[in-house]
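Please keep the sequence and the model in view while going through the numbered points.

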Amino acid sequence: MKTTLLKGVKLFSISFSIFLMACGNDSASKTETMDSTSTSTVVDSTVTYDISLVDNKKDPTCGMPVTAGITDTAHYEGKVIGFCATGCKEEFLKDPKASIAAAEMK
Ligand SMILES: [Zn+2]
């Protein structure tokens, strides 16, 4: 219940930022400048995946536990693999077979 509500709020804030960006042409440029720091913070905190959504325990690339935070995911053989960073995902996708064991699937 609580999670669903939070997700709704997050989705709303994402679409709201997109809306602002799309229609922000006539806003003063100082608003844009003010927003640039807070926008990146918002993006960082909203692009977070619930660890219950992924099938691995560890980021197969860097070995970091997914409990530390997931910022990107990839699908591999019907499983969802969570990564701490997009760079880790890209690294994994270069040779998933070699790294999948390190993911410690649930
Ligand atoms: Zn990583």
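1. Two strands are said to pair if DSSP finds at least two bridges between them. In this predicted model, strand E1 (residues 72-76) and strand E2 (residues 79-83) run antiparallel and are joined by five bridges. One of the residues to look at here is Ala 74, whose bridge partner in E2 is Ile 81.

2. The overall plan should be kept in mind. The chain contains four helices and two strands, and from the N terminus on the order of its elements is α-α-β-β-α-α. Of the 106 residues in the chain, 15% are buried. Among contacts between residues at least 6 apart in sequence, 46% join residues at least 24 apart.

3. The average pLDDT is 77, and 56% of the residues score at least 70. Helix H2 (residues 29-46) has the lowest mean pLDDT among the elements, 50, whereas H3 has the highest, 98. Over residues 37-43 the pLDDT is below 50, and this stretch has three contacts in the model beyond near neighbours in sequence. Where pLDDT is low, the predicted coordinates should not be read in detail.

4. Is Ile 81 buried or exposed? This residue of strand E2 is buried, because 28 other C-beta atoms lie within 10 Å and the cut-off for a buried residue is 20 or more. Leaving aside neighbours within four places in sequence, the contacts of Ile 81 include Val 54, Pro 60, Thr 73, Phe 92 and Ala 103. The C-alpha atoms of Ile 81 and Val 66 are separated by 9.3 Å, and these two residues are 15 apart along the chain.

5. Which residues form the largest nonpolar core? It has nine: Val 54, Val 66, Ile 70, Ile 81, Phe 83, Cys 84, Cys 88, Phe 92 and Ala 103. At least two residues of this core come from E2, and at least two from helix H3 (86-94).

6. Helix H3 deserves a separate look. Its buried residues are Cys 88, Lys 89 and Phe 92. Viewed down the axis of H3, these buried residues fall within an arc of 100°, and therefore they line one face of the helix. Thr 86 and Lys 94, on the other side of H3, are exposed. The buried residues of H3 pack against E1, E2 and helix H4 (96-99).

7. The turn of the hairpin also calls for attention. Two residues lie between strands E1 and E2, and Glu 77 is found in that loop. Glu 77 has a phi near 45°, a positive value in a residue other than glycine. Most residues other than glycine have a negative phi. Glu 77 counts as exposed because it has 10 C-beta neighbours inside 10 Å, and the limit for an exposed residue is 12 or fewer.

8. Where is Glu 104 placed? Glu 104 is in the segment after H4, and its phi is positive, about 50°, although it is not a glycine. With 15 C-beta neighbours inside 10 Å, Glu 104 counts as partly exposed.

Key
Residues numbered from 1 in each chain as written. Predicted model: local features only at pLDDT ≥ 70, side-chain atom pairs only at ≥ 80, totals over all residues. Contact = placed C-beta atoms within 7 Å. Core = buried A, V, L, I, M, F, W, Y, C linked by C-beta atoms within 7 Å. Arc of directions from axis to C-beta. pLDDT = per-residue confidence, 0-100.
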